[in-house]
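Here is a short briefing to read with the model open beside you.

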Amino acid sequence: MKVPSDKDFTYAMTPLKMLSWPVGTWPLQEYDIFSGIRAIIAISFLLLMLMVMQMELYLDISDAKKNLDALILINCSILSLSKIIRFRIQPDSLILNFVSAVKDYNELKDQEKRVIMRRHAYMGRLVSASMIFSSYIGSTLYMTIPMMAGDKEKDIVNVTKESTTDYPIPSECVIALIQLPDNLYFMVFIIEYLMLLFTSTGNLGSDTLFLGIIFHLCGQVEILKLEFSKLGNENERTMERFVVLIKRHVYLLNLAKMLNETISTILAVQLFSSCVLICITGFQLILDLSVGNIVMTIKEFIILNAMLVQLFAYSYVGEYLKLQMEGVGDSLYFCSWYDIPTSITKDIIYVIMRSQDPVFLKAGRFFIVNMETYMSIVKTSMSYLSVLRVMVNA
C-alpha cells in the first residue's frame with residue numbers, strides 16, 4: 001500500500017504518528033525489532049512506575065496526600081500499560097483501519113469529499129491537542145511542584161527520614177531504601193520525568209490514535225451519505241452504483257465493529273478509573289483549597305481537567321459515531337427515490353432498517369459510551385465526592 005504524501009494525509013496523520021510512534025504502536029510502521037524496542041522501553045518505564053508507586057504505598061502510609069498522588073499515578077500507569085500492550089500485541093484492527101484510511105486518501109479526487117475529510121481531520125487534531133496539552137502540563141507540574149512549593153511540600157510527618165529531597169513522583173521512601181547517593185538526584189529527576197511522559201503518551205497518546213481513526217471513519221460515513229443522497233440524480237447504471245454503495249456501507253460497519261472490539265475491554269477499565277480518579281483528584285482539590293495551598297490547587301485542577309477532557313472525548317466520539325451511522329438512513333429517505341427504479345426502492349427500505357440499528361461505542365460490550373454516559377459518570381463522581389467531603393468535615 002502506497003502511503004500518500006499529500007498535505008491532507010500529512011495534516012490528518014502526523015499528530016497521530018508523533019504520539020504513537022515513540023511507544024511502538026503506530027499501525028503503519030514496520031513491525032520489526034526497532035519498533036519492538038520502542039515498545040519494550042515504554043513498557044519498562046511504566047512497569048518501573050508501578051513498582052515504585054506500590055513500594056512507596058507499602059513503605060509509608062502516613063502521608064495521605066502523597067498516597068493519593070500514588071493512587072492516581074498507579075491508575076494512569078495501568079491504563080497506559082494496557083493500551084500499549086493491546087495496540088502492540090493485537091494491532092490487526094487498527095492496521096486494517098489505517099490501511100483503509102491510506103486507500104481513502106490515495107483515491108481522494110473530489111473537492112467536496114476533500115472538504116469533508118479535512119474537517120474531520122481537524123476535529124481529530126483538536127481533540128488530540130486538547131488531551132495531550134492537558135496531560136503534558138500535568139506531567140510538567142508534577143516535575144516542577146517540588147521546586148515551586150519549596151519547603152511547604154516537604155514531609156514533616158516522619159521526622160526520622162534522613163532526606164527531605166522532593167522528587168517528581170512520590171518516591172522518597174524507595175530512594176532512601178536503596179540508599180541512592182545525593183549526587184544522583186538529577187538522574188533520578190530525569191528518569192521520573194520520563195516515566196511521567198511515557199505514562200501520558202501511552203495513555204492519552206493511545207487515545208488520540210484511536211479517536212483520530214474514529215473521526216476518519218465518521219468522515220467516510222458522511223461521504224457515503226453524500227453519495228446516497230445523489231442516487232436519484234443518476235439516470236444510468238443506478239443499480240450498479242447502489243450495489244457499490246451498499247457494499248461500502250457494510251465495509252464501514254465492519255471497520256466500526258473491529259475498532260469497537262479493540263477498545264471495548266480497555267474502555268471498561270477507563271470508565272471505572274475515570275470515576276475513581278475524578279473523586280480522588282476532586283477530594284485533593286478541596287483539601288488544598290481549604291488550607292489555601294495555591295500551587296497544589298493549580299496542579300490538581302489541571303489534572304482534573306485532563307481526566308474530564310479524556311472522558312468527554314470518548315463520550316463525544318461515541319455519540320458522533322452513532323449519529324453519523326444513523327444518518328445513512330436519513331440520506332436515503334431524503335434522496336430522489338421516486339426517480340429510481342422500483343427494484344431498487346425496495347432494497348432502500350432494508351438499508352434504512354439496517355441504519356436504525358445504532359452503532360455504539362461500548363465498554364465491555366455492554367456499557368454504551370456517549371454523552372449521557374459522560375454526564376452519568378460526572379454526576380456519580382460528584383456524589384461520591386460530596387460524601388467524602390462530609391466525612392472530612394465531620
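The notes below go from the overall picture to single residues.

This is a predicted model, in which local features need pLDDT of at least 70 and side-chain atom pairs count only at pLDDT 80 or more, while totals for chains, interfaces and linings use all residues. Residues are numbered from 1 along each chain as its sequence is written, and side-chain values use heavy atoms, with hydrogens and water left out.

**Overall architecture**

- You will find 11 helices and 2 strands in the protein; helices (H or I, at least four residues) and strands (E, at least two) are DSSP runs, numbered from the N terminus.
- Reading from the N terminus, the order of elements is α-α-α-α-α-α-α-α-α-α-β-β-α.
- The C-alpha trace spans about 85 × 50 × 30 Å along its principal axes.
- Among contacts with a separation of 6 or more, 81% join residues 24 or more positions apart; a contact means heavy atoms within 4.5 Å.

**Surface and interior**

- Buried residues make up 53% of the 394 in the protein, where buried means under 20% relative accessible area, exposed over 50%, and partly exposed in between (1.4 Å probe, protein chains only).
- The protein exposes about 19500 Å², and carbon and sulfur atoms supply 64% of that area; accessible areas come from the Shrake-Rupley method with a 1.4 Å probe, and for residues only the protein chains shown count as cover.

**Helix 9**

- Helix 9 covers residues 294-333, which is 40 residues, and reaches 57 Å from its first C-alpha to its last, close to the 58 Å expected at 1.5 Å a residue; the expected span is 1.5 Å times one less than the number of residues.
- A kink of about 30° is centred on G327 in helix 9, the bend at a residue being the angle between axes fitted to the seven residues ending there and the seven starting there.

**Cysteines**

- The structure holds 0 disulfides, a disulfide being a pair of cysteine sulfur atoms within 2.5 Å.
- C275 counts as buried because its relative accessibility is 15%, and C279 counts as buried because its value is 8%.

**L141**

- Look for L141 in helix 5, which runs over residues 111-149.
- L141 has a relative accessible area of 13%, so this residue is buried.
- V52 is 89 residues from L141 along the chain, and their C-alpha atoms are separated by 19 Å.
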